[in-house]
Amino acid sequence: MDYPIRPLSPEDKPIVWEMLRYAAHESSWEALQHPLIARYATDWGRPGDLGYGAWHAATPIGAAWLRLWPEADKGFGYVSDDIPELAIGVAPDYRGQGVGTRLLTPLLAAAKEQFSAVSLSVRGDNPAVHLYSRVGFVPVSDSKSLNRTGSESFNMIFACRLEHQAVW
């Protein structure tokens, strides 16, 4: 099915929070209050934030967004101060239908206009690893770590510019 995709605005804060729950694999809203998770949605729409959302009728079904972090306040997928980190969430009933790919396509195209690369952190057993690889993300060497749930995560990076592809 062809779901409409549009850029996220500061008014889309509730959608970012809702999709963060899916991105973080959390069933409860309370878990999103953890500062390490909440940072991905808090104050959505600040300078440098960039994102896209997907809808089925008037219902949001997915969102992908980028945020920059300073090293002193870095996110899980932090690589450097000038490389934003990706977060993406798709409602469970819409996974496996191409929504993630349709969100990442315009987001990464827009990122190429502003950034040299985009990073992310992903759990090793997350099926989305295949999506990230398919759109051009590659694993960052020596980035494996235990995540907050005790399983293994690692970082991936998407080179927005050809000259940065061999760096990672």
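Alanine 57 is exposed, at a relative accessible area of 70%; exposed means over 50%, buried under 20% and partly exposed in between (1.4 Å probe, protein chains only). This is a predicted model, in which local features need pLDDT of at least 70, side-chain atom pairs count only at pLDDT 80 or more, and totals for chains, interfaces and linings use all residues. Residues are numbered from 1 along each chain as its sequence is written, and side-chain values use heavy atoms, with hydrogens and water left out.

**Loops and strand β2**

- Alanine 57 sits in the loop between β2 and β3; helices (H or I, at least four residues) and strands (E, at least two) are DSSP runs numbered from the N terminus.
- Although not a glycine, alanine 57 has a positive phi of about 55°.
- Aspartate 43, also not a glycine, has a positive phi of about 60°.
- The loop between α2 (35–38) and β2 holds aspartate 43, which is exposed at 56% relative accessibility.
- Histidine 56 belongs to strand β2 and is partly exposed, with a relative accessible area of 31%.
- From C-alpha to C-alpha, histidine 56 and glutamate 85 are 26 Å apart in space, and they are 29 residues apart in sequence.

**Helix α3**

- The 14 residues of α3 reach 20 Å from first C-alpha to last, close to the 20 Å expected at 1.5 Å a residue; the expected span is 1.5 Å times one less than the number of residues.
- Buried residues of α3 include Val99, Leu103, Leu107 and Ala110.
- The buried residues of α3 fall within an arc of 155° seen down its axis, so they line one face of the helix; the arc is that of the directions from the helix axis to the C-beta atoms.

**Nonpolar core**

- The largest nonpolar core has 50 residues, of which Trp65, Leu86, Val118, Tyr132 and Phe137 touch the most other members; such a core is a set of buried Ala, Val, Leu, Ile, Met, Phe, Trp, Tyr and Cys residues joined through side-chain atoms within 4.5 Å.
- With seven residues, α3 gives the most to this core.

**Largest pocket**

- The largest pocket holds about 880 Å³ of space; a pocket is an open set of points on a 1 Å grid over the protein atoms alone, where a 1.4 Å probe fits, with protein on both sides within 12 Å along at least five of seven lines, and lining residues have an atom within 4 Å of a point.
- Grid points are joined across faces, edges and corners, and the volume is the space filled by probe spheres set on them.
- Its lining has 40 residues, and Ala23, His25, Ile88, Asn126 and Tyr132 are the closest to the pocket centre.
- β4 gives the most to this lining, with six residues.
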